[in-house]
Amino acid sequence: MGDEKRVLTMKTINPRAVEMEYAVRGPIVTRSVELLKELAAGAQKPFSKVLPANIGDCHATGQTPITFIRQVVALCTLPDLLNSDSFPDDTKQRARRILQGCKGQSTGSYSASPGIDVIRQDIADYITKRDGHPSRPEDIILSTGASDAIKTVLNLLMTGDSGNNRAGIMIPVPQYPLYSATLTEFNACPIPYYLNEENKWSLDVSELKRAIDEAKGKCKPRAICVINPGNPTGQVLSRKNIEDIIKFAYEEKLMVLSDEVYQHNVYAAGSEFFSFKKVMTEMGAPYCNMELASFMSASKGYMGECGFRGGYAEIVNLQADVKAILLKSISAKLCPPILGQVVIDTIVNPPQPGEPSYEKFKKEKQEVLSLLKKKAVLVTELFNSIEGITCNEVMGAMYAFPRLHLPEKAVEAAKQKNQSPDFFYCFQLLEETGLCVVPGSGFGEKPGTYHFRITILPPLEEMRAVLEQFKLFHMKFLQKYK
């Protein structure tokens, strides 16, 4: 059929959909899938398997599910199992309570759009315990992963105008590409602020001021997004840093969007996770009255339950009529996945000391987090031992973001192929070692600098082996282009 007979062509499709990019699942990942198929078909490669280190998909790289989480999910899915002696009493108690909160006592029913009430209450209790300050269940909305909640809040911040009246959203560079992709989709204006690589990817207020001053007159700045612990950079913000960001947001009349999905993933000595809600509350008026949305997910932490698509947001200090619009906007999506909500409940209401599941849960959780900490140290030390690479300490989250100091000949060779130099490097890395990583250009980076993001999720011995292959590849690459 010719183009003239079609409704959708490259000329008529929404241009925002064409422009939007999501590097974590970009061309290099597509090629890695092709390589997997080629290996399965018996093709000879310099490697025997593809190692997916491009995305924070914990279970895909071999992490074992937490028993308590899966037991509660199983009981909620098949309530007949409540009569089995194979499940500890505390898992049955959690499941019965959740099922009583479900319509028809079934996880096959819809919930209210903001989520199941008992789960919202458990989230509020978890936040209250974590921060030492009250949280209200009516400020909680559950979501299809944290990404869904982030897009919901960003949507509220749009102006509905174009040109210089578009909404401007401050986003870190480097940043998780959900933010840049969503802003493209919403026809909003990204206001990039650079993290300071020379100081452990910290956030300088002077840089925030530079970024917003440059954006004024080009858009209407509405919010600042902060990712803590950082993705892709792995930094953990100090309390002082958080206080400075809050003061800046107050002075510039910005809502704060705090992406805190890696709050369980803090490894570096002396580092500690502080929620923006806690710090804002303890700063007192006027800061404690600022509009804030904080996001959490079932996909990261020690859980890694990406496929259940569980997430939530705590959204505070909205005007009553604005909050009504928020609830109306999520009602069009009916409700988040019920089993995703169940998984969230197991995270915010885990086994307590003295309960039958506690010791096993504690052991499994510590094993996951201690292995991640070992791998964080391993990748940091290895990258810093290699000529032409520098890497900040992986303080938290699940990624390293090393900097490539590429020879000029390599940069020129990339330009001749119309590729960014780090894409050029990462593509060759995949073809020669089977290691799939994401070029730094997909996250944004300072002009003239080149990076890649690698997850620290694959098994420890596998990581050690593949990083040795990486080292050999890198030295050959430097030799080739020197």
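**View 1. Ser 180 is partly exposed in this predicted model**. The relative accessible area of Ser 180 is 23%. Partly exposed covers the range between buried, under 20% relative accessible area, and exposed, over 50% (1.4 Å probe, protein chains only). Ser 180 sits in helix 7, residues 178–185. Helices (H or I, at least four residues) and strands (E, at least two) are DSSP runs, numbered from the N terminus. Which residues does Ser 180 touch, leaving aside its neighbours within four places in sequence? Ile 171 and Gln 175 are in contact with Ser 180. Contact means heavy atoms within 4.5 Å. Thr 281 is 101 residues from Ser 180 in sequence, and their C-alpha atoms are 29 Å apart in space.

Two notes apply to every view. Residues are numbered from 1 along each chain as its sequence is written, and side-chain values use heavy atoms, with hydrogens and water left out. The model is predicted: local features need pLDDT of at least 70, and side-chain atom pairs count only at pLDDT 80 or more, while totals for chains, interfaces and linings use all residues.

**View 2. Gln 428 is buried in helix 15**. Helix 15 spans residues 421–433. The relative accessibility of Gln 428 is 15%. Leaving aside neighbours within four places in sequence, Gln 428 contacts Phe 473, Phe 477, Lys 480 and Tyr 481.

View 3. Where is Pro 229 found? Pro 229 is in the loop between strand 5 (220–227) and helix 9 (239–251). Pro 232 is also in the loop between strand 5 and helix 9.

**View 4. Leu 334 has a positive phi**. The angle is about 65°, although Leu 334 is not a glycine. Leu 334 lies in the loop between helix 11 (320–331) and helix 12 (338–348). At 43% relative accessibility, Leu 334 counts as partly exposed.

**View 5. Ala 397 also has a positive phi**. Here too phi is about 65°, and Ala 397 is not a glycine. The loop that holds Ala 397 runs between strand 9 (389–390) and strand 10 (399–400). Is Ala 397 buried or exposed? Ala 397 is buried, with a relative accessible area of 0%.

**View 6. Leu 257 belongs to the largest nonpolar core**. A nonpolar core is a set of buried Ala, Val, Leu, Ile, Met, Phe, Trp, Tyr and Cys residues joined through side-chain atoms within 4.5 Å. This core has 118 residues, and Leu 257, Tyr 312 and Phe 383 touch the most other members. Helix 13 (residues 358–384) gives the core its largest share, nine residues. Beyond neighbours within four places in sequence, Leu 257 has contacts that include Val 153, Leu 154, Ile 224 and Phe 295. A second, separate core has 34 residues, among them Leu 195, Phe 274, Leu 292 and Val 316.

**View 7. The protein chain has 16 helices and 14 strands**. The radius of gyration, taken over C-alpha atoms, is 23 Å. The globule rule is 2.2 Å times the number of residues to the power 0.38. For 482 residues the rule gives 23 Å, so the chain is as compact as a globular protein of that length. Of these 482 residues, 56% count as buried.
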